[in-house]
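Student: I have a sequence and a structure to read. Please go through them with me, starting with the strands.

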Amino acid sequence: MLKNKIIISVLVLILAVGIIVCYKMIQKSQGQKGWKEITVEVVVGDDINKITFKTNKTMLGEALDEQKLVKTMSSAYGRYVVGVKDLKKNDGSFIEADFEKNGTFWFIYINEAAAEVGIDDYAIKDGDVIRFELQGGNE
């Protein structure tokens, strides 16, 4: 009898922890509402240029589109970045990556960690730093 009560208590505790974890994950995935300030860095070789702006968008892809900072292509897995605005020239031109042509691609870091999701699946938070780093190429 005591053994059954212990098992039930442990199961209830595991269920409660699971509910709390799921709630936190859902909250995190919904992102912050309201205005947020984010910084976008563009790294090409040793050259680092950045722009900081405020947005009321929830998802990173929406904020980047709003600022016209990226060119994207669509795939079965969602959009991926093929061009990032050249912040150094500041003339509206884009630095483009072409993996098939020259082996280059844009690697994305979010707050110094490799992005685990695409731009349309990341819920931005105030103070985020998004880094686009041009990598690869025929060296």
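**A sheet and a cavity**

Tutor: This is a predicted model, in which local features need pLDDT of at least 70, side-chain atom pairs count only at pLDDT 80 or more, and totals for chains, interfaces and linings use all residues. Residues are numbered from 1 along each chain as its sequence is written, and side-chain values use heavy atoms, with hydrogens and water left out.

Student: In what order do the three strands of the open sheet lie?

Tutor: Strands are DSSP runs (E, at least two residues), numbered from the N terminus. Two strands pair if DSSP finds at least two bridges between them. The pairing here is antiparallel, and the order is β3-β4-β5.

Student: Which are the edge strands?

Tutor: An edge strand pairs on one side only. That holds for β3 (70–75) and β5 (94–96).

Student: How many bridges join β4 to β5?

Tutor: These two strands run antiparallel. Across them, V84 stands opposite I95 in β5. The number of bridges joining β4 to β5 is three.

Student: Which elements give two or more residues to the lining of the largest cavity?

Tutor: A cavity is a set of points on a 1 Å grid over the protein atoms alone where a 1.4 Å probe fits but cannot get out, and lining residues have an atom within 4 Å of a point. Grid points are joined across faces, edges and corners, and the volume is the space filled by probe spheres set on the points. The largest cavity, of about 30 Å³, has V40, V42, V84 and K85 among its lining residues. The elements are β1 (36–44) and β4 (78–85).

Definitions and conventions:
1 Å grid on protein atoms, 1.4 Å probe; cavity = no way out; pocket = protein on both sides within 12 Å on 5 of 7 lines; lining within 4 Å. Helix = DSSP H or I, 4+ residues; strand = E, 2+ residues; numbered from the N terminus.
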